[in-house]
Amino acid sequence: IWAATFFGGAAIFLALFWIVRRAAKLLQSQQQQLISNETFVALGEMSSAVAHSLRNPLATIRSSAELAQEVASPGAQRNIGDIISQVDRMSRWVRELLVSLRPLKDDAEAVDLIAAIEDTCSAFAQQTERNKVQLQVSAPPTAWVVSQPVLLTQILNSLFSNALEAMPSGGQLTLQVLELTDKGKVQLTLSDTGKGMSEQQERMVFKPFFTTKQGGLGVGLVLVKRIMERFGGEVSLTSREEEGTRVCLTFNVAVGGDHG
């Protein structure tokens, strides 16, 4: 009887201990998720306020530049043209940011990743040339992935911007797209030869409001991670100081995307 009581009590204790420990882990996970959600809500509100505040100044700058272009010398007209094109690009980003901050919907679409990459390369062509960065793209003709056009553009813009800012004196930016047909995935890897990051910085890059840039908000990679995970994708980053940074995006293949 004593033996049965002892072993029975031990079994109950172990069962209760397991239940309490599991509950503690679950509670901790839910608390972290709640903190993360609150952070994203604050991030969205702040980004929306900034985006709305930028719209009027950008419109004023563009109007003034157009007026100046009419009376400027031929040499100055080219510089003013650059100002107008950059203002247009910033305005487009503001519109895209406002669209992305609407209530989240999981309405996934089939998006051609290659076409999105080509558009981004074109948008950053002047900055790439100015920074003396060599761009190398290795990709199939098309690669249809699960995402949304506006959000995919936001991801690529953020990663391009980070890479170019890491190479102010020149370097090489390599993009490689691989179709992992056996896994139903498409993998995009962006590698730069910029200044890179320390191990501590690398561990912190996906934390909200952490940034290595002077004057940066530290929201770009956070949004990249959030958007990728929203459509069942993944993002990883590896970096070494003075050697460069490598970002790997893994998308789900969009079934029948080439017919949409």
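Helices (H or I, at least four residues) and strands (E, at least two) are taken as DSSP runs and numbered from the N terminus. The structure is a predicted model, in which local features need pLDDT of at least 70 and side-chain atom pairs count only at pLDDT 80 or more, whereas totals for chains, interfaces and linings use all residues. Residues are numbered from 1 along each chain as its sequence is written, and side-chain values use heavy atoms, with hydrogens and water left out.

Strand β6 spans residues 234-240 and contains S239. With a relative accessible area of 9%, S239 is buried (buried means under 20% relative accessible area, exposed over 50%, and partly exposed in between, with a 1.4 Å probe and protein chains only). The side chain of S239 takes part in a polar contact of 2.9 Å with the side chain of T245. A polar contact is a pair of N or O atoms within 3.5 Å; within protein, one must be able to donate a hydrogen and the other to accept it, and residues adjacent in sequence count only if both atoms are side-chain atoms. A polar atom of the S239 side chain also lies 3.2 Å from the backbone oxygen of G244.

Salt bridges (a side-chain nitrogen of Lys or Arg within 4 Å of a carboxyl oxygen of Asp or Glu) number four by this rule. One of them joins the side chains of R240 and E243 at 4.0 Å, N to O. R240 is exposed, at a relative accessible area of 55%. In space, R240 lies 7.5 Å from E199, C-alpha to C-alpha, although the two are 41 residues apart in sequence. E199 belongs to helix α6 (residues 199-204) and is exposed, with a relative accessible area of 61%.

R62, E66 and D88 are linked in a network of salt bridges. The R62 and E66 side chains meet at 2.1 Å, N to O; being four residues apart in helix α1, R62 and E66 are separated by about one helical turn. The side chains of R62 and D88 form a salt bridge of 2.5 Å, N to O. This pair links distant parts of the chain, with R62 in helix α1 and D88 in helix α2 (residues 74-100), 26 residues apart. Relative accessibility is 25% for R62, which counts as partly exposed; E66 is partly exposed at 35%, and D88 is partly exposed at 29%.

In helix α3 (residues 113-123), the buried residues include L113, I114, A116, I117, T120 and C121. Seen down the axis of α3, the buried residues fall within an arc of 160°, so they line one face of the helix; the arc is that of the directions from the helix axis to the C-beta atoms. E118, D119 and S122, on the other side of α3, are exposed. The N-terminal end of α3 is capped by D112, a side-chain oxygen of which lies 3.1 Å from the backbone nitrogen of I114.

One aromatic pair is counted: rings of Phe, Tyr and Trp (its six-membered ring) pair if their centres lie within 6.5 Å, and planes under 30 degrees apart count as stacked, over 60 as edge-to-face and the rest as tilted. The ring centres of F124 and F160 are 5.4 Å apart and the planes are at 35°, so the pair is tilted. F124 lies in the loop between α3 and α4 (125-130) and F160 in helix α5 (residues 149-165), so the pair ties together parts that are 36 residues apart in sequence. F124 is buried at 0% relative accessibility, and F160 is buried with a relative accessible area of 1%.
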